[in-house]
Amino acid sequence: MSLAHTVKFFQQYVKAPYVVGAIAPSSRHLAAALVQPFAEASGPANVLEIGAGTGAVTRAIGDLLGPQDNLDVCEIQPALADILDQQVLNAGKLAIARREGRVQLIRGSVENLDAQNKYDFIISGLPLTAFDLETVQRILAVIAESLKPGGVFSYFEYVGLRKMACKLVRGSRGRAFRAVSQHMDQQIAKYQVGAKRVWKNAPPATGRYWTFEPLTAATQSD
């Protein structure tokens, strides 16, 4: 990730911290953790990335794209979508796949996505805990509806952030945060099939993997 991209990402965070949700792009180590289910898969796959930012994870997905794989990249922030459009998706294997019609950029919110049972993998960089509970529920509902049966949803959260924020954030924002955190814990217990701690990220993060099929217990609840 170039310095210019990092600066652009930070500028977008300053403008809309509750939308961008991070002060810097994901490290290559976190990107590798998020794409791991796709990397381990065999056969053609349809992949959706949401909250792509400046493309740190997009590049990792692009490195894995096979000749029959398809990728949709969703980004709501115009300045970040421009970077994806003009630079990330116009380089290397992504550019080739885009010319073949197998890669497309979706400018807008995942909440407006209409793609029932379309994707094998959905990989998210969205700051879910930065949203209110109703928004989180709508986003997760769209993700669940968009995945094929047995599909995998990957996302990350910073180590210890939810616990710390639940204790420190006060007022209406604190109540909203605690409601989202409780909901996420419930969903993790219900749907998580794996997790991977990534220390080489600023700050350290946990990649989580869900399938939206009821489980008796989470394989990992890290």
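**Exercise 1. Burial and contacts**

State what share of the 222 residues in the protein is buried, and what share of the contacts with a separation of 6 or more is made by residues 24 or more positions apart.

Solution. Step 1: in this predicted model, buried residues account for 49% of the 222 residues. Step 2: residues 24 or more positions apart supply 72% of the contacts with a separation of 6 or more. Step 3: the protein exposes about 10,800 Å², and 53% of that area comes from carbon and sulfur atoms. Step 4: the secondary structure consists of 10 helices and 7 strands.

**Exercise 2. The surroundings of strand E7**

Determine which strands pair with E7, and in which sense.

Solution. Step 1: E5 pairs with E7 in the antiparallel sense, over 6 bridges. Within E7, threonine 206 stands opposite glutamate 157. Step 2: strand E6, residues 192–198, also pairs with E7 in the antiparallel sense over 6 bridges. Here tyrosine 209 in E7 is the bridge partner of glycine 194. Step 3: E6 and E7 form a hairpin, with 6 residues between them.

Next, decide whether the residues of E7 are buried or exposed.

Solution. Step 1: the strand is mostly covered, as 6 of its 6 residues are buried. Step 2: sort them by direction. Ala205, Gly207 and Tyr209 point one way from E7, while Thr206, Arg208 and Trp210 point the other way. Both sets are buried.

**Exercise 3. An aromatic pair**

Classify the geometry of the pair formed by phenylalanine 153 and tryptophan 210, and locate its two members.

Solution. Step 1: the count of aromatic pairs is 9. Step 2: in the pair of phenylalanine 153 and tryptophan 210, the centres are 5.5 Å apart and the planes make an angle of 80°. Step 3: planes over 60 degrees apart count as edge-to-face, and this pair is edge-to-face. Step 4: phenylalanine 153 lies in strand E5 (residues 147–158) and tryptophan 210 in strand E7 (residues 205–210), so the pair ties together parts 57 residues apart in sequence. Step 5: phenylalanine 153 and tryptophan 210 are both buried. Step 6: Phe153 and Trp210 belong to one aromatic cluster with Tyr155, Tyr191 and Phe212.

**Exercise 4. A surface patch**

Identify which residues form a nonpolar patch with Leu161, and explain why leucine 161 is classed as partly exposed.

Solution. Step 1: Leu161, Met164 and Leu168 form the patch, with about 280 Å² of accessible area together. Step 2: leucine 161 is placed in helix H9, residues 161–168. Step 3: leucine 161 is partly exposed because its relative accessible area is 32%, and that class lies between under 20% and over 50%.

How values were computed: Residues numbered from 1 in each chain as written. Predicted model: local features only at pLDDT ≥ 70, side-chain atom pairs only at ≥ 80, totals over all residues. Heavy atoms only, no water. Patch = residues over 30% accessible without salt bridge, like charges linked within 9 Å, V, L, I, M, F, W, Y side chains within 5 Å. Areas by Shrake-Rupley, 256 points an atom, 1.4 Å probe, with all protein chains shown as cover. Salt bridge = Lys/Arg side-chain N within 4 Å of Asp/Glu carboxyl O. Helix = DSSP H or I, 4+ residues; strand = E, 2+ residues; numbered from the N terminus. Buried < 20%, exposed > 50% of the residue type's maximum accessible area, 1.4 Å probe, protein only. Phe/Tyr/Trp six-rings, centres within 6.5 Å; stacked < 30°, edge-to-face > 60°. Contact = heavy atoms within 4.5 Å. Pairing = 2+ DSSP bridges.
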